[in-house]
Each structure stands twice: as C-alpha cells, then as structure tokens.
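Please examine the sequence and the model shown below. The briefing that follows is grouped by topic.

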Amino acid sequence: MSAPLLEMKGVVKEFPGVRALDGVDLDVAAGEVHCLLGQNGAGKSTLIKVLAGAHQPDAGHIAWEGEAVTLPTPTAAMRHGIATIYQELDLADGLTVAENIYLGHEQARLGFTQRSRMHSAARELLKRLGHPEIPVSREVGDLSAAGKQIVSMARALSHRARLIIMDEPSAVLAHDEVDNLFRVIADLTADGVAVVYISHRLEEIRRIGDRVTVLKDGRTVARGLPARTTPTSDLVALMTGRTVEYVFPPRPERAGPDERPVLLEVAGLSRPGEFQDVSFSVRAGEIVGLAGLVGSGRSEVLETVYGARRPAAGQVRVDGSPLRPGSVTAAVRAGLGLAPEERKSQALFMLSSIARNVSMSSLRRFSRAGFVDTRAELAATGEAVRSLDLRPPDPTRPVRTLSGGNQQKAVVARWLLSDCRLLLLDEPTRGVDVGARAELYTLIRRLADSGVGVLLVSSEVPEVLGLADRVLVLREGRVVREADAPDLDESQVLDLVMEGSAET
Amino acid sequence: MSQQTRPPDGSGPGTAAGGTDVPEAGTARRSGATAGRSALGRVGKVRNLGLIAVLTLLCVIGAVSSDNFATRQNILVILTSAAVIGVITVGQTFVIIGGGIDLSVGAIVALASVWCTTVATQDYGFGGMVFCALVVGAVVGLVNGLVIAYGRVVAFITTIAMMATARGLAERISDRQSQVVTVDSFNSIASTRWLGVPVLVYILAAAVLLGWVLLNRTTFGRRTFAIGGNQEAARLAGLDVRRHTVLLYVLSGLCCGIAAVMLTARTTSGASNLGDLYELDSIASVIIGGTLLTGGRGSLVGSILGVLVFTTITNIFVLNNLTTDIQQIAKGLIILAAVLIQRRGNTPSTA
C-alpha cells in the first residue's frame, strides 16, 4: 500500500492542567470511511481541531501524502484539502445557500461577486451531493438540519476537499435523512475522498465504516480495526474498559391490575400541523415512552404538556385537575419537570455553577422573604449531585466543564430538588457516551421506582423499548399504537413509525 | 475532559460547609482544567482590581497635577457628581445583566424632572414632587417592560423609541422652559449635609447597597442572572421570564425617578434637557465594570467603580482647566480598552 493520505503519529496536545491528547496515532487512506470512536472526553474534538488547524499540537508528526506538514491555521488545513463539518454547523443563517458555500472564497472579479457563476457552481455541487432540489438562493436559516449539513458538505467540496471530517453528523438527523447522508458519503468515497466519521452509534459505524480507530483518555488504544467485523463487545471494551453495551435496568414485577394513582392525563390534545387528538395517561412510578420519527410530533407533544406550547384543543390534567394551558410556571408548580432536547441552549446556564443550575427551579426552598440561603442551597444541591453520582460531585464547579452525561444529570438533579413528580425527558441520552448511558437508564428507573412518573421521548427505538413500561407510537402527529413495551419489538415499531411516510 | 478533571476516586472536597457564598467564585480557586475556565474565573475579581488600580492611578495623577485634588472638599465634589449617574447605573446594571438594555434613562430623568416641577405639582410640596418623579420613572419603565416582554419588541428598539418619546413629552410639558423649583425643602435635598457629607452621596450609597443585596443575595437577583444568561432555559426551568423582564425595566425607571429628584434639586429647576446622554454614560460604566453586554454575568460594584473612574477623569480635567474634547477622547479610549480586556478574558479556547 502506498503512503496513506493522512498519517498522525504520537500527537500530543496539552491545555493548562489537562493533556487532551496524549499520543494519538491515526492513518487515513484515500477513499475510505475511517471512524473515530471514543467516549466524551477521549480527545476526539481536540483531535479534529488539530486536523482543522485550529489547535497546534505540542508534539508528534502529521504527514499528508507521505510528506510532513504543519497546519498552523484553518486556512492552511483547507489548502491541503482538509475540511471539517462541525456538530454545530458553522453556517451563516442570514446568507443564501450559494453565499454560504462560497463564504470566504467568493467567486469574484475586481471585488464584485459573480452571482450567476457562483449559483451555477453551487448548483453543480448540490447535484453531486444528490440534492439538486435545494434552491441556491434560499436563506440557509430556512433549511432543515439535514439541508444545512448538505450545504456544509458542499462548502467542503467547493474547497476541493480530499479529507472531510464529520463530527456526529447523524445526531441532528431523522432516520431517512441518515440514509441519505450515508448515500452521499458512499458517493464521496467512490470519488476518492476520505471521510473521518465520528459517531456514538455503533450500528452506523457498522453500516458505513471501513476502519475504526478507538481513542481513550487522549490515546489511541486501537488503530485501523475492520469496522464491520470487529465485535461490538471488543469496541465497547476498548472505549470503556467494560464489556456491556446497552444495559437496561429490569422492570419491576407487577401482578394484578395497576392501581397506582394516575398522575397525568392527556385528552384530545391537538396543535394543527404538529399533532392531532393525542390522548394518554401516566401513572406514578410508570415510564411511558413516545416513539416516532423527527417531525412525528413527539417533542411537540412533550412541550405542549409542559406548557411551553399552547394547545389548540384538548386538556392536560395533573392529579385530576386541569393544568393552565401554555404556562410553564403552572406546570412546574404542579410538579412537572422537563429535560429538553437541547441541553445547552434550552436547559443550562453555561456561565453559572452546577449549584446555581440545579437550584434554579426550587429557589423558593432556599430562600426566606426573597433572600437566598446559599449555605442551604449548596448543601442541598451537593446532596442531589451526589445521589445522582454526578462527577465531579462538587456543586461549585462551572456546569460548562461537565461532560454531556453529567450535564444531563445536572438537569435531572434540578427536578429532583424541586420535588418533581412527573419528569418529561426529551432525548435524554443524546450526545451521551455509551458508559454514561447505562448509568442514566438506571437512574431513570430508580426515579420511577421512587414514584416519579416519566414521559420519555427518544429517536432510538431500542432505548424506548428497553426503558419504558408502556410505549405510544406516533406517526405524523397521531398515536398509531399503544402497547406495553415487552409486547413490541424493534422492527414492529420501525414499521409502524415509517409506514405511510414510505408510501408518499 | 471530564475524565481528566475528576478528582481521585470521585469523592471531591466537601465544599458544602465551606464559606463559598458565591458559587461563581469557586471557578477562580481551582487550578483550572482549561485556560478558558481559569481565565473566566479570574476575570470578575481581576477586573475589579484593575478598575481599582485605574482609579488609584487617576487619583495619583489628580493629586500630582492639582493641589486641590486630594482635598476633602474635592473628594465630596467627585462623589456628589457621581451620585446622579451612579443611581441610574444601578438600574442599568440590572437591565443589562438581565439580557436587556435601557437607552431611555436620560429621557426618563428629563420627563420625571419636568413633570415633578410643574406649577400644579409643586403645589403638593416636597412629598408630592418626590412621589410624582418616582411614579413617572416607574411608569415609563413599566411601559418599556410591557412592550419588550409582552409585545416582544427588541429592548434596543423599544427604549430608543421611548428615549425620543419621553424627551419629546418633557419638552411639550415644559414648553422648553426651565421650571424653577420654589419648594425650598425640595432644593435642600442637594444642599443639605449630614456629618459634613451631602445627602446626595448618602442616596447613592443606599442605592448601591440595596442594589447589591438585591442582585447578589435574593432570588430576584439570581433570576436576573439566569434570564440574562439563557432566556429559553430560564423559561423552561419554570421562571416567569416576562414578568421578571417587566420588573427589571420598572426598577431602571424607578432609579431614573430617584436620579431626577437628585438632579432637579441640584439645579433647583426642572428642564427637558436634563440627563442628556446619560444612557451612554451609564452603559459605558456598566461595560467597563465588567458586565457582559449580552447579559448573564456582571457586577454592580464594577459598574459603580466605572462611574467613579469617569467622574474622576472629568474632575481632573476641570481642575486643570483642560478642554472637554481631550476628556472625551480619554473616555472613549478607556471604554475600548476595557472591552478589549473583557473579550480576551471571555473567549476561552474550547478544548
């Protein structure tokens, strides 16, 4: 085999107090999909930034087509043909598709942009990516997450990228959109472009990956394993030192009719264009799952129950009494709590400490006549944090230094402290690594066993089936099936979820 | 990252009993895991220290350049001239930490001043005039808040519209004439001294003290930081964001009403041109005081130090008979330098 397209050897990157990369080896061949696997904090993001020219390594070698190179700036990386598609897509929402694709290297003559040339070139790139339907003069802000991703990729191609790094591209996509992404990746690699693909989802790596490199604690622990044949247990063991993947806690045994009190009753809830006539109930101690594709209305149902959206029709009752529609404050007072889908933008105060984040919904408990008793606050938040095994268990730490799984625990801790009786979880394990997921599952079950009702939304069907007691399947805003979780299997649910949308 | 920063065996120091009153302060104590974190933690403290250093430097310059600077009399002159803008800046600090901005403060001062000095109002005497100024300030703030929170108009636009409207209304009421205050007890607010210190300085001290307690020790203050830091998260955590936003602008308006009383008493007349450009002075003080213009982080002490820096500069220029143009240039450069320092502290390298 000739020299690989990219080779990294012994790359080290230190930040004050932390060795983020501690000897990373990676080689990528032209035309392959090389998957990068590792828990949050393993050093994937830092590695990407080194490759993108955003960080300078402190030691180690990088070779491009067999020749040693340095990547002092993002522009230098770009010139070699390395493009990065970040998780938070770095597009300008107010500019058009074509303007975004050519941002920074506009087709211009004498300082005037050449619109028509740019448009036709952009159209060409989108066609190559299998998306000729995206209008090049549309503002990017109007596009879906999937559309934006395509635009990002078009931008990479416009730089004649030969290595494209994709940081969890599927995290923002629905099922069918992921299929499309994979088709695009297959086309790109057929043209000799190499892709470095980062994902938490092992099944994706199986589908499109050629080789896998595993990082742990800033080191390469396995390099270039065959993606399709390496046993899952081996990969998980490499990443975590453990040998389990999805472990769901057992459901409590229950004999006879369920006589636990009904906490939540939703009757005939509708919002035009989002969901129609949704009815269900949640008992104390029960975990009810909502399964469905993105756009099936599952998150919207959750947010409407919570009062963050106002229903057009229908009623939400808590403990038998109707909840004031469209008022989050009323919902929280009634004992509801939401762990929203976008932790950072919807749940956390990134400038504040863990304690202040956790106490936000129960300040009343720590205050007398409006004055906050910070000592009581620290004691209570510290206890909540420890009971959830949040790490590090120090409530004075800034919340932004926590990993994804621990940030999720901080959100759950907030509701634990507010004596929440009905917890609404929207994609609780998104961006959470495999090891921490199992911990969250156990935690959710433990909360339910203590009498909390849980309403769970997840786009991962195994998660809904493994964790919930009862499952509602939503398709195009309607409940198409309600059943006890053990009575359903994954393929049944996927059929239900996709039927209909496959026909049209 | 979490793996590396985890304390051994995960049992961390029990800080619950420790004297960390302000959780944010915890950031600075730890030897940071990333450059960004420790830098951010330090900024709050270093910034105040930096402002104190600047203020000290200014005092040295003042003392060297003029024999009259370091006198008891002159110090009281500085504090007195800081009093009006200082009270306004207390309100402005709350609004900016809460994620907003109030461009109408100067105009509110003018309107409250004019309204409380009309012949009809002066008939009610001292109490009536003070009451009128405070109510006018609070009501204008209420209108700002309602339009911003419930009408969903951006704060910048709402308050710039109010700036024009309130100033215009003040001109209309006063017919652009200054309205001499004939109520002596009202004017004596500015001339009275307790223990040799002007009452105006006591009012400033009280406003700062109450403001500090409100911001740092109460649920109101906590929510202000939360709403400014992440409005959507605050809403989904069950906070009544809109009501709180209204209260922030009412608070700012009320501070303007108090400032109007102080300023009117000092000039012994109400006029529609009072408080001109106070919005910029107060915002500049808040910014050099280390408060993020985007909200969520800030310090009232910093804001007041900012006010003192500006008033001291003015004082030094006046004592040395220097022209105001150089003074403006100096102010401008200080604002710019402060913001540049602030930006350096606030862009952590996201490791």
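In chain A, where is confidence lowest and where is it highest? The lowest is in strand β7 (residues 108-109) of chain A, at a mean pLDDT of 70, and the highest is in strand β18 (residues 336-339) of chain A, at 96; pLDDT is the predictor's confidence in each residue, from 0 to 100. This is a predicted model, in which local features need pLDDT of at least 70 and side-chain atom pairs count only at pLDDT 80 or more, whereas totals for chains, interfaces and linings use all residues. Residues are numbered from 1 along each chain as its sequence is written, and chains are lettered from A and ligands numbered from 1 in the order in which they are written.

**Confidence**
- Chain A has a mean pLDDT of 86, with 94% of its residues at 70 or more.

**Domains**
- Chain A is assigned domain 1 (1-81 + 162-245), domain 2 (93-159) and domain 3 (269-498), with bounds from an automatic or database assignment.
- The centres of domain 2 and domain 3 of chain A, taken over C-alpha atoms, are 38 Å apart.

**Sheet in chain A**
- Four strands form an open sheet in the order β14-β13-β16-β17 (chain A), with antiparallel pairing; strands pair if DSSP finds at least two bridges between them.
- Its edge strands, β14 (275-283) and β17 (321-322) of chain A, each pair on one side only.
- Strand β16 (residues 313-318) of chain A pairs with β17(A) over two bridges in the antiparallel sense.
- Val318(A) has Ser321(A) in β17(A) as its bridge partner.
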